[in-house]
Amino acid sequence: MLYLRKLKSTRYKRTSRSCQRISITTYRTFSQTKYDVIVVGGGHAGCEASAAAARLGASTLLVTHKIDTIGVMSCNPSFGGVGKGHLVREIDALDGLMGVIADKASIQFRVLNHTKGPAVQGPRSQADRDLYKNYMMDALNQYDNLEIGEGGVEDLIVDDNDNKLSGIILNNGKKVYSSSVILTTGTFLSGKIHIGEQSHEAGRMGDKATTGLSNTLNKNKFLLARLKTGTPPRIARDSIEYTDLEVEYGDNPPQPFSDLHTKEDLCKKQLVCHKAFTSPETSKIVLENMHKSPQYESGDGDGQGPRYCPSLEVKVARYPDRNHMIWLEPEGWYSNVVYPNGISMALPKEVQDRVIKSIKGLENAKITQYGYAVEYDYVDPRELLPTLETKKISGLYFAGQINGTTGYEEAGAQGIVAGINAGLKYGKKSDEEFVLSRGDAYIGVLIDDLVTRGTSEPYRMFTSRAEFRLSLRQDNSHLRLTRKGYEIGCVSEDRYKHYLNQESTLKKAMEELEKTILPIKEWKSYLDIPIQSTKPQSAATILRLVGVQFSDLVKIFPEKFGSLPEIAHKYLKAECMYASDIIKHRVQIENLKKDENIKIPANLEYSAIGVLSNEELEKLTKHRPPTLAAASRISGITPASLLHIHKKVKKEQMYR
């Protein structure tokens, strides 16, 4: 049954110390049976898709099993990280919701890889689960042309003659019409939960699976397969002994995700996380009970789970002598639940109890929800166009885990692209498409990887997947994408004006850096660093040097650079530092493209290259691609590794 409910949401007022709860009530009415765009699923892909379509002016319906779970964080209570943080920043640059709401709901901010170069730094935020969900509902309720319905979708209405979509069929038989439908089914598509040898149909603990749509996709000859993901047991915060655990503090000052926020907009107080480790006893318990692990339908019975976020069972099987790290992450300001990041498991409940008590600090811990694995259907993403519309059925779009990805950020990134493209069909720009290239954005890298290479395991974004990562930094996301978003119609006037002001400020600052030129002797009098050149140098050239920060230039030229915000300091430093490297890297990529048909020797010893990851070694050894072009089409082979293979092959050719 589909109906619109009275939506009660809790908003939170920020104070200088923490967050205070205040309640409001909003209303919706289910007003029609035909919409420009229908979005199925209220997870991170669905929220971004429905909001994006609505921003483009399309009358939009978001339909989900439970309105109360819209925007819920099913797994870890955090956003961002290396690669993933870039995606959140890009979603924000396109006026998406994730970054803004993660900032509002955050309880801790950190920049990962902060000691490395700007291109690989990843902003990350711990979020309050309840805050995030409620802020998301409030944000969706701001769109007058977006309605939110509760109900199950069982089938699609497709014209067999021309393979055009015309709507959805609900589980009560009711039809709702639209020529654009976006499926964002997450782990719900024929989802099955496993705990030990017990299993039952569900997309998430406590939520029913969607089975009818799997049948529909099969009937329409989509290529479906199974993937697996997992989640750890949750622990009561007041049952943990923190005394001997290492404390992990947030960054001070914090760095927001959203370009609309400054550090003053964020909570002044941050919660701490703690670091713990498994013990030899933990490994012993896991190994002794491996035979009680679930029998999966994917991965030859072992489960085809995320390579880079493996379960505790996989970690212990691979490295039985290691003590594995666990991050104890609070789930909210007022929550008594802690998320032990790093030990997802699907062992029987009694075994999970023993595992938890074998960890220092958790000897008396109480489990509030047991860990589990969930298997679900996904569609081979090579069935999609770069717009995320399916090739088989016109008007049908897929976004999120249905395309084989893992993570909130990857889902949101696909959702916003699918929503924009579906929404474009109903405006003045109905003949346009919104497609980001690999050189435009990590979103472009993500979608291109999926639609050209496909994936046989849950796909996670890393900075190493991008050819142009020196250009695709998280600090310049708005400069790369906000104008594109505005021109297509998905960025508001207010955000665009904010962007234009920033763009103008940064452009003037860069021009000032270029024309501020001093003799080397004078630079040396200001800066205690070695400078090789003897010719006068610009401030931009000096800023490229290791050890020189923008703050140094502010001290020397306060009248020129003193008024710039700190976020501008980081951007200008990165632009100057990478200027020559970006040119060199683009030349390397062009040379690689020219030689893409060069033959790779059948007996090439990939392990001798020295820099390839275990995943790359495994796949290259298995597939033995005949050319560089063939190697580039293998999922998981990064552009950087292709450059190393190219160099190795050329070197071997020289010595023949």
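Reader: How many disulfides does a search of the whole structure find?

Author: A disulfide is a covalent bond between the sulfur atoms of two cysteines. With a disulfide defined as a pair of cysteine sulfur atoms within 2.5 Å, a search of the whole structure finds 0. This is a predicted model, in which local features need pLDDT of at least 70 and side-chain atom pairs count only at pLDDT 80 or more, while totals for chains, interfaces and linings use all residues. Residues are numbered from 1 along each chain as its sequence is written, and side-chain values use heavy atoms, with hydrogens and water left out.

Reader: What is the average pLDDT of the protein?

Author: pLDDT is the predictor's confidence in each residue, from 0 to 100. The protein averages 91, and 94% of the residues score at least 70. Over residues 1-29, however, the pLDDT is below 50. Where pLDDT is low, the predicted coordinates should not be read in detail.

Reader: Which strand order does the open sheet have?

Author: Strands are DSSP runs (E, at least two residues), numbered from the N terminus, and two strands pair if DSSP finds at least two bridges between them. The open sheet of 5 strands has the order E8-E4-E3-E12-E23, with parallel pairing. Its edge strands are E8 (146-150) and E23 (396-398), each pairing on one side only. Strand E12 (residues 181-183) is joined to E23 by 3 bridges, and Ile182 stands opposite Tyr397 in E23.

Technical notes
Helix = DSSP H or I, 4+ residues; strand = E, 2+ residues; numbered from the N terminus. Contact = heavy atoms within 4.5 Å.
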